Amino acid sequence: MNKVPLGNDGESWVLRNDGCVYWNNSIKFRANQTIDEGDVIGVTYDHELLNFFLNGDDLESSITGIR
């Protein structure tokens, strides 16, 4: 957590307030909405599939191949 902002290396996948998922200092997914204070963010991971949710809605950001 001391490497702010997160998502600038290969050690983290990050959903930032601009609605983008970052990994290794590049955008891997861009949502059609921004994240505001009070929003609820959900994350699921099932062996090789990572998904992000915003206020219960799937951002359809399925990221595969994660180990």
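Leaving aside neighbours within four places in sequence, I63 is in contact with W13, V21, E48, L49, L50 and F52, where contact means heavy atoms within 4.5 Å. This is a predicted model, in which local features need pLDDT of at least 70 and side-chain atom pairs count only at pLDDT 80 or more, while totals for chains, interfaces and linings use all residues. Residues are numbered from 1 along each chain as its sequence is written, and side-chain values use heavy atoms, with hydrogens and water left out.

I63 belongs to the largest nonpolar core, a group of 11 residues that also includes V21, L50 and F52; such a core is a set of buried Ala, Val, Leu, Ile, Met, Phe, Trp, Tyr and Cys residues joined through side-chain atoms within 4.5 Å. Strand β5, residues 49–54, gives the most to this core, with 3 residues, strands being DSSP runs of E with at least two residues, numbered from the N terminus.

The segment before β1 (13–15) holds S12, which counts as buried because its relative accessibility is 16%, the cut-off being under 20% relative accessible area with a 1.4 Å probe and protein chains only. The side chain of S12 reaches the backbone nitrogen of G7 at 3.0 Å, and, beyond its neighbours within four places in sequence, S12 is in contact with L6, G7, Y22 and W23.

Taken as a whole, the chain has 7 strands and 0 helices, and buried residues make up 30% of its 67 residues. The C-alpha trace spans about 25 × 25 × 20 Å along its principal axes.

Conventions. Buried means under 20% relative accessible area, exposed over 50%, partly exposed in between (1.4 Å probe, protein chains only). Helices (H or I, at least four residues) and strands (E, at least two) are DSSP runs, numbered from the N terminus. A polar contact is a pair of N or O atoms within 3.5 Å; within protein, one must be able to donate a hydrogen and the other to accept it, and residues adjacent in sequence count only if both atoms are side-chain atoms.
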